[in-house]
Amino acid sequence: LMKAALGRIGKSVGEPNLPSNIASACLQKQAFLFVRGADGFVLKPLAEDGVIGVLVWVGWGDGRAPERHLPEVKRLARLIGARWLRFHSVRKGWLKVAPRMGWVRQPDDADGLYVFQINL
C-alpha cells in the first residue's frame, strides 16, 4: 500500500524515482518515514540560514489524513528544534484547504509547485 502510494505520488509530480529516493534518504537518516494505518508521511529536516525546519516531503491517506496528523507532525518537528513546517504540491485543491489548517502560501517554487508553510 505504501509503495503504491509513493509510486502514484511520484508519477503525479514527475518523479518516478521518488520511492527509491525516499528509501535512500531514510536509510541515510536524512528523512524519516511515519506510517499510521493506511496513512503515512515522510519528514525531511532542513537548515536554511542556520534555522531548522521540516519539509513534509510526502504524505498520503484519506482526505482527513493531513488534519489528523498535523498535530503529531508539529510535535515531531518541535522535538528537533524546527521553527517551520513546509510542503510543496501540484494539487490546486490545497489553495483552499491548506489555509484552513493554518498553512500560509509562499511563493511557488522553481518547478511551479505551490508552497505552504506553518511557522512553529
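Good morning. The model is predicted, so local features need a pLDDT of at least 70 and side-chain atom pairs count only at pLDDT 80 or more, whereas totals for chains, interfaces and linings use all residues. Residues are numbered from 1 along each chain as its sequence is written, and side-chain values use heavy atoms, with hydrogens and water left out.

Let me begin with the overall fold. The protein chain contains 4 helices and 6 strands. Here helices (H or I, at least four residues) and strands (E, at least two) are DSSP runs, numbered from the N terminus. Along the sequence, their order is α-α-β-β-β-α-β-α-β-β.

How does the radius of gyration of the protein chain agree with that of a compact globule? For 120 residues, a compact globule would have a value near 14 Å, and the protein chain has 14 Å, which agrees. This radius is taken over C-alpha atoms, and the globule rule is 2.2 Å times the number of residues to the power 0.38. Along the principal axes, the C-alpha atoms fill a box of roughly 35 × 30 × 30 Å.

Of the 120 residues, 36% count as buried. Buried means under 20% relative accessible area, exposed means over 50%, and partly exposed lies in between (1.4 Å probe, protein chains only). Contact means heavy atoms within 4.5 Å. Among contacts between residues at least 6 apart in sequence, 49% join residues at least 24 apart.

I turn now to the largest pocket. About 1,200 Å³ of space lies in it. It is lined by 37 residues, and the closest to its centre are Val58, Gly59, Phe87, Ser89 and Trp94. On a 1 Å grid over the protein atoms alone, a pocket is an open set of points where a 1.4 Å probe fits, with protein on both sides within 12 Å along at least five of seven lines; lining residues have an atom within 4 Å of a point. Grid points are joined across faces, edges and corners, and the volume is the space filled by probe spheres set on the points.

Which elements each supply at least two residues of the lining? They are helix 1 (2-12), strand 2 (39-48), strand 3 (51-60), helix 3 (65-79), strand 4 (84-89) and helix 4 (94-100). The lining divides into 20 nonpolar, 9 polar and 8 charged residues. In this count Ala, Val, Leu, Ile, Met, Phe, Trp, Tyr, Cys and Pro are nonpolar, Asp, Glu, Lys and Arg are charged, and the others, Gly among them, are polar.

Finally, the loops. Between helix 2 (18-27) and strand 1 (32-36) we find Lys29. Its phi is near 55 degrees, a positive value in a residue other than glycine, and Lys29 counts as exposed because its relative accessibility is 64%. Gln30 lies in the loop between helix 2 and strand 1, and at 42% it counts as partly exposed. Leaving aside residues up to four places away in sequence, Gln30 touches Ala25, Lys44 and Pro45. The C-alpha atoms of Gln30 and Pro45 are separated by 7.1 Å.

Asp49, in the loop between strand 2 and strand 3, has a positive phi of about 55 degrees although it is not a glycine. Is Asp49 buried or exposed? At 82% relative accessibility, Asp49 counts as exposed.

Asp111 lies in the loop between strand 5 and strand 6 and counts as exposed at 67% relative accessibility. Asp111 and Val13 are 98 residues apart in sequence, with 9.9 Å from C-alpha to C-alpha. Thank you.
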